[in-house]
Amino acid sequence: MSQTAHLSFPHRAFLSRRRPRRRRSQYGVAPRPLRSSRGSPRAAQPEDASLPRCEARSPVVLVERYTLHDNSLLKISLEKHISEENELEDTHFADPKLALLPDSVKDFILPSGFPESVSDDYLQYLLLQFPTNVTAWICHALVTSSLLKAVGVGSFSGSTAAASAAAIRWVSKDGIGAVGRLLIGGRFGNLFDDDPKQWRMYADFIGSTGSIFDLTTQLYPAYFLPLASLGNLAKAVARGLKDPSFRVIQNHFATSGNLGEVAAKEEVWEVAAQLLGLAIGILILDTPGLVKSYPSLAFTWTSMRFVHLWLRYQSLSVLRFNTINLKRARILVKSHVLSSKVPGCDECNERENILVWQRFLKPYIRFGVSFEEMMSGEKAISQVSELLKLYRKEEYILNVNPRYEDIEIFIAFKVGATSSSVLRGLWQANWLYENWDNAADIYYQLALSLSEVEKRFEDFLQQLDEAGWDRRNIALKVPKEILIDQISAI
């Protein structure tokens, strides 16, 4: 028996005084629903035991309700969850590069049990990281020279007032810069587990921008405080991106549970690079004519910074993660859709673009959308009904917005969705993108793509296991904000 249908777009009923925060959605393990339609606690829904879940720690803060003609109630609710920790499988190798080093030196710079106690790419990363850090400290020495001149050191020697003014300026720019780290840690802490290579590279770009502000203080000493503060703010933001990203990388190296030792030995390499870089920087600054010539100083810093950024990119490119984030997942599903084959960890990591933003990847997919974003127009009610029937067995709902040159894909997730649900939706999205026909009916193509998922997705998962991918750590987060819960009407 049918009922009168109505969609309450864009009505929202707030159940809490806390307003939800709108942010770019991330993708991974789903939150557990906190309440059923009657307001009573709701048990967690069963899922694949091999895929760990992360439960929500915050109550539902927003509800959107829609009544449909097929005796069902659609509830869209905002929920929060935390991300899971990474666990990586053991991979070992022996490298002849260290054969000539004395054992005492090896014990000093490498973790005990090397190479069995770390991942395969550990040594290659450090060998590139060392000159990267050296160039960074050379740049630091050159920039410091400009900063000291800008605050009056060397121009007003013997003046107590000038020394005090210089100290105040120096402390002020440090205080303003600390705001950057506070912002990054509190606002964007959930980004780094998904793509540490990208954020580590972006940290160097932002840090380089901050150093440019520092370098210009010598030209405009009257504007030392705003220039130095902007420089310190940018470098603090860079450090806020760098530190957590590198912790994820260190955790990747520590395949034997020896994270503390891996971090300690990395510190040895970094300090050695710092000492060498500072020594070279002092020699450069002691070169006759360089200190007095600002163009020569700026050119030297720029050249060294480009070398530094190139070395950073090379060191990050050698990393071989066996976890599946969104970029690597796109590569994997595209390969399987086109050739029914899945690339191994080495090949996929080589093909992964460290610098590109997700929004520029094809197909263009919007994860975690609501129904009001997914569809519009007079036929919205019938569209909702058709999609619910089509995806009744899935933990997500996928729809397509055909555009002139390309298609836009929307994926909404149901309560109980997991990282495997995200991967499944991503496979369907790539199949649609590769086989889309603008002349054909949309819902026919959705049904056809869903049948392909049912036939081929299990083979895709099996090939992931055979290729060495760690399906226990799929870093595809189900969006935190909007989930769909379809329940029977009373």
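## Briefing

E405 counts as exposed because its relative accessibility is 80%, where exposed means over 50% relative accessible area, buried means under 20% and partly exposed lies in between, with a 1.4 Å probe and protein chains only. This is a predicted model, in which local features need pLDDT of at least 70 and side-chain atom pairs count only at pLDDT 80 or more, while totals for chains, interfaces and linings use all residues. Residues are numbered from 1 along each chain as its sequence is written, and side-chain values use heavy atoms, with hydrogens and water left out.

- Helices (H or I, at least four residues) and strands (E, at least two) are DSSP runs, numbered from the N terminus, and E405 is found in the loop that links β6 (396-402) to β7 (407-413).
- Strand β7 is largely enclosed by the rest of the structure, because 7 of its 7 residues are buried.
- Both faces of β7 are covered, with I407, I409, I411 and F413 buried on one side and E408, F410 and A412 buried on the other.
- Two strands pair if DSSP finds at least two bridges between them; β6 and β7 do so in the antiparallel sense over 7 bridges, and L398 has I411 as its bridge partner in β7.
- The pairing of β5 with β7 is parallel and runs over 4 bridges, and here R366 has F410 as its bridge partner in β7.

**Helix α2 and a residue inside it**

- Q129 has its place in helix α2, which covers residues 122-150, and Q129 counts as buried because its relative accessibility is 4%.
- Leaving aside residues up to four places away in sequence, Q129 touches R312 and S315, where contact means heavy atoms within 4.5 Å.
- Q129 and L316 are 187 residues apart in sequence, yet their C-alpha atoms are 8.7 Å apart in space.

**Cysteines**

- A disulfide is a pair of cysteine sulfur atoms within 2.5 Å, and by this rule the count comes to 0 disulfides.
- C348 is in no disulfide, and the nearest cysteine sulfur, that of C345, is 7.8 Å away.
- C348 counts as buried because its relative accessibility is 0%, and C139 is buried too, with a relative accessible area of 2%.

**A nonpolar patch on the surface**

- F205, Y313 and L355 form a nonpolar surface patch with about 230 Å² of accessible area together, the areas coming from the Shrake-Rupley method with a 1.4 Å probe, and for residues only the protein chains shown count as cover.
- Patches are made of residues with over 30% relative accessible area and no salt bridge, with like charges joined within 9 Å and nonpolar side chains (Val, Leu, Ile, Met, Phe, Trp, Tyr) within 5 Å; a salt bridge is a side-chain nitrogen of Lys or Arg within 4 Å of a carboxyl oxygen of Asp or Glu.

**Backbone features in loops**

- Most residues other than glycine have a negative phi, and most peptide bonds are trans.
- S340, in the loop between α8 (326-339) and α9, has a positive phi near 60° although S340 is not a glycine.
- K362 and P363 are joined by a cis peptide bond with omega about 0°, and P363 belongs to the loop between α9 and β5.
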